[in-house]
Amino acid sequence: MKSLLKIAFVLGIVVSFTSCKDNLKPNYQYMPNMYESVAYETYSESDAFNSPTGLKGKEGQLPAEGSIKRGFVPYEIPNTTEGYDFSKTITTSPLDGKEVDMKKAEELFGIYCAICHGETGNGMGKLVKQEKLLGVPSYKDRQVTIGSIFHVQTYGLNSMGSYANQLSQQERWMIAAYVLELKSKL
């Protein structure tokens, strides 16, 4: 009987402690702003961005002039015929020999380029063989440099679209080096 009373007493204490707990209002918060942040509606007026004229500024601000995203290196050759002609004068890659991983470049070429250009760069990819796409040139017939290959991957040319969204700049330079290697084997 005494052990039953002890169990009931301990159970009563546990129930009394847990009954006082309120999940919606904790006893204290270390940094309340981290839990209850001030919410702003996008493009709404906000006192946080007051203008010098006394008007309330909008919450969704434009990036600062000249800012670029982290890891992005600007490619300043324009998407014009003159820009393409200028890109043919670029004969060296900005990547050093250690950064060019030909194994990875071959894999990327197989994923993005071989469907049209073929595994060997002969212009006879799967889509060409099935006559879904015609006029894909062989690298053997083209006067290309590493710069012009990168330029075409960045902006696209004729029926080929841009691959700037799918491939990083480093990957495009690696593929350009791999294309030149394929061209030397044809």
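Predicted model: local features only at pLDDT ≥ 70, side-chain atom pairs only at ≥ 80, totals over all residues.

Author: Gladly! A compact globule of 186 residues would have a radius of gyration near 16 Å, whereas the chain here has 31 Å. Along its principal axes, the C-alpha trace spans about 95 × 65 × 35 Å.

Now for what the chain is built from. It holds 8 helices and 2 strands, and their order along the sequence is α-α-β-β-α-α-α-α-α-α. Of the contacts with a separation of 6 or more, 53% join residues 24 or more positions apart.

Next comes the surface. The chain exposes about 14300 Å², and carbon and sulfur atoms supply 57% of that area. Buried residues account for 26% of the 186 residues. As for charge, there are 20 positive and 20 negative charges, and their mean positions lie 9 Å apart.

With that setting in mind, let us zoom in on E171. This residue sits in helix 8, which covers residues 169–185. Is E171 buried or exposed? Its relative accessible area is 18%, and the cut-off for buried is under 20%, so E171 counts as buried. Which residues does E171 touch, once those up to four places away in sequence are set aside? They are K104, L108 and Q166.

Terms used
Residues numbered from 1 in each chain as written. Heavy atoms only, no water. Helix = DSSP H or I, 4+ residues; strand = E, 2+ residues; numbered from the N terminus. Rg over C-alpha atoms; globule rule 2.2 N^0.38 Å. Buried < 20%, exposed > 50% of the residue type's maximum accessible area, 1.4 Å probe, protein only. Contact = heavy atoms within 4.5 Å. Areas by Shrake-Rupley, 256 points an atom, 1.4 Å probe, with all protein chains shown as cover. Lys, Arg positive; Asp, Glu negative; His and termini not counted. Charge placed at Lys NZ, Arg CZ, Asp CG, Glu CD.
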